[in-house]
Amino acid sequence: MTELAGALTSRLRTLWGPAVAVTEVRPMPGGASRESWDVRVRASNGTERRLILLRDASGRDRTPQRNGAVEAAAMIASRAAGVPVAELFDHGEGALGRAYLLMERLDGETIPRRLLRDDAYAAARPGLARRLGEVLARIHRIDPDQIPGLPHIDAFGQLTELYDGFAEPRPALEIALRWLREHQPAPVADTLVHGDFRTGNLMIATDGLRGVLDWELTHRGDPRQDLGWLCTKAWRFGSPHPAGGFGSRDELMAGYAAGGGTPPDEQTQRWWELYGTVRWALLCRSQAERYLSGAEPSVELAVLGRRVCEQEWDILLALGHARPFTQQDPLQDREYPPVRPHDRPAGAELLRAVGGFLATEIGSREPADPVLKFHARVAANALRIAEREARLAPAHERAHRDRLAALGCADDQELCAKIRDGSLDHRSGDVAEAVRAATVDKLTVANPRHLAIPD
């Protein structure tokens, strides 16, 4: 941290003069894709400024889509077009050791559970869906040709390429990808696309929207992707309101039309929302791969791998293959008989003990490092998943083997191949039920509460 503060001081003195001093650099929680730092700076006249530094994680490779210069250009163009975006002071590849962006810190909140539930934001929530539609229209009216190097993304092609790249059979995703392929809407003209426009990437104050954050996935493509992504179930965070958890699709589209955009019809919007659910499933799996490959030993990335089944369940809900229901958490009624010759507490009980320590001794301690508190909560959740799996895995494995055998499949790979080529279409109900049951088992271990959240 001292080294980073020194590099920042040197860079800011180059930009703003020799009297600038960096007084504090603190890591910020969240952000699985890169580091976030809260920076305090004292100017020559004694005034203080607060900045945000976004920097690539150590060892992270840049892809053509994740390009700092493109991200910076998109932010600058959007700010000029009236989109609320933080002022960008600097960006580059080497001055701070890795690719980075340095910008003003906007006042407000980004944590979804606070924005969607706290009384402090009650007055702001009713108008946000329309406001977000207006802002998206402004983004989509920016000429993509004015941003050098802006990558063109074929959204559905990227999705299938990512899925095929894992070579990992997932029947629920096969069902979704086949449906998306068969119902793909007619194309529209390319625009600038934000790429990750959602609750969590929006800075919101008690009086409304302050800024659109995280432009690293910006690209040239279908503008309807942004509208569908904002309304994807994952980004409602349990709220019944589809537009980011804040309001209705009608309010979102009214704002989009008022801002000069052309709203999609309902069927097309629903297509892009399902697309978003599949995309998030694959992005969760992609993030987990960074942990599984040994590239980044992050508990946050590890736990993201167990969120894929949440999106698989949401796919089944969206396509009418499942209905929400309440599932009791297996940990609510837990007793562990001794496993001879081992002593008590049993392994699963030790998981519970460590999880409790993380949640109460570290996760709730004040004052504490916010990044450490966040990771403590994530780690405690990981241990709850492991404890449920220790109890239920043998029975789940037997049931899954029996379901596959009833369909004439040796494994998930064979089931996926038959879903893709249609050779089990005459038993589509049985296939859907088998996939539903497997997904219920996975969610019972990973997050049983998710089963009750409606589409």
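# Ring contacts, cysteines and backbone geometry

The charged end of Arg285 sits over the ring of Phe166, 5.0 Å from the ring centre. A charge is assigned to a ring in this way if NZ of Lys or CZ of Arg is within 6 Å of the ring centre and within 35 degrees of the ring normal. The structure is a predicted model, in which local features need pLDDT of at least 70 and side-chain atom pairs count only at pLDDT 80 or more, whereas totals for chains, interfaces and linings use all residues. Residues are numbered from 1 along each chain as its sequence is written, and side-chain values use heavy atoms, with hydrogens and water left out.

**Overall architecture**

The chain has 15 helices and nine strands; these are DSSP runs numbered from the N terminus, with helices (H or I) of at least four residues and strands (E) of at least two. The radius of gyration is 24 Å, close to the 23 Å that the globule rule gives for 455 residues, so the chain is as compact as a globular protein of that length. This radius is taken over C-alpha atoms, and the globule rule is 2.2 Å times the number of residues to the power 0.38. Along its principal axes, the C-alpha trace spans about 75 × 60 × 40 Å.

Of the 455 residues in the chain, 50% are buried. The accessibility classes are buried (under 20% relative accessible area), exposed (over 50%) and partly exposed (in between), with a 1.4 Å probe and protein chains only. The accessible surface of the chain comes to about 21200 Å², and 50% of that surface belongs to carbon and sulfur atoms. These areas come from the Shrake-Rupley method with a 1.4 Å probe; for residues, only the protein chains shown count as cover. Among contacts between residues at least 6 apart in sequence, 68% join residues at least 24 apart, where contact means heavy atoms within 4.5 Å.

**Aromatic pairs**

Rings of Phe, Tyr and Trp (its six-membered ring) pair if their centres lie within 6.5 Å; planes under 30 degrees apart count as stacked, over 60 as edge-to-face and the rest as tilted. By this rule there are nine aromatic pairs. One of them joins Trp229 and Trp235 edge-to-face, at 5.4 Å centre to centre and with 65° between the planes. Another edge-to-face pair joins Trp272 and Tyr275, with the centres 5.0 Å apart and the planes at 65°. Both Trp272 and Tyr275 lie in helix H9 (residues 266–292), three residues apart, about one turn of the helix. Ring pairs also link Phe156, Trp271, Trp272 and Tyr275 into a cluster.

| Residue | Relative accessible area | Class |
|---|---|---|
| Trp229 | 2% | buried |
| Trp235 | 4% | buried |
| Trp272 | 4% | buried |
| Tyr275 | 1% | buried |

**Cysteines**

A disulfide is a covalent bond between the sulfur atoms of two cysteines. Here, a disulfide is assigned to a pair of cysteine sulfur atoms within 2.5 Å. How many disulfides does the structure hold? The count is zero. The sulfur of Cys231 is 19 Å from the closest cysteine sulfur, in Cys284, and is therefore too far for a bond. Cys284 is in no disulfide either, as the nearest cysteine sulfur, that of Cys309, is 9.6 Å away. Cys231 is buried at 0% relative accessibility, and Cys284 is buried at 0% as well.

Most residues other than glycine have a negative phi, and most peptide bonds are trans. The peptide bond from Arg344 to Pro345 is cis, with omega near 0°. Pro345 is placed in the loop between helix H11 (308–318) and H12. Glu349 belongs to helix H12 (residues 347–362) and is buried, with a relative accessible area of 15%. Leaving aside its neighbours within four places in sequence, Glu349 is in contact with Tyr336 and Arg344.

Positive phi values occur at Asp214, near 55°, and at Phe237, near 50°. Asp214 is in the loop between strand E8 (208–212) and strand E9 (219–221), and is partly exposed at 26% relative accessible area. Phe237 lies in the loop between helix H7 (224–230) and helix H8 (249–258), and is partly exposed at 29%.
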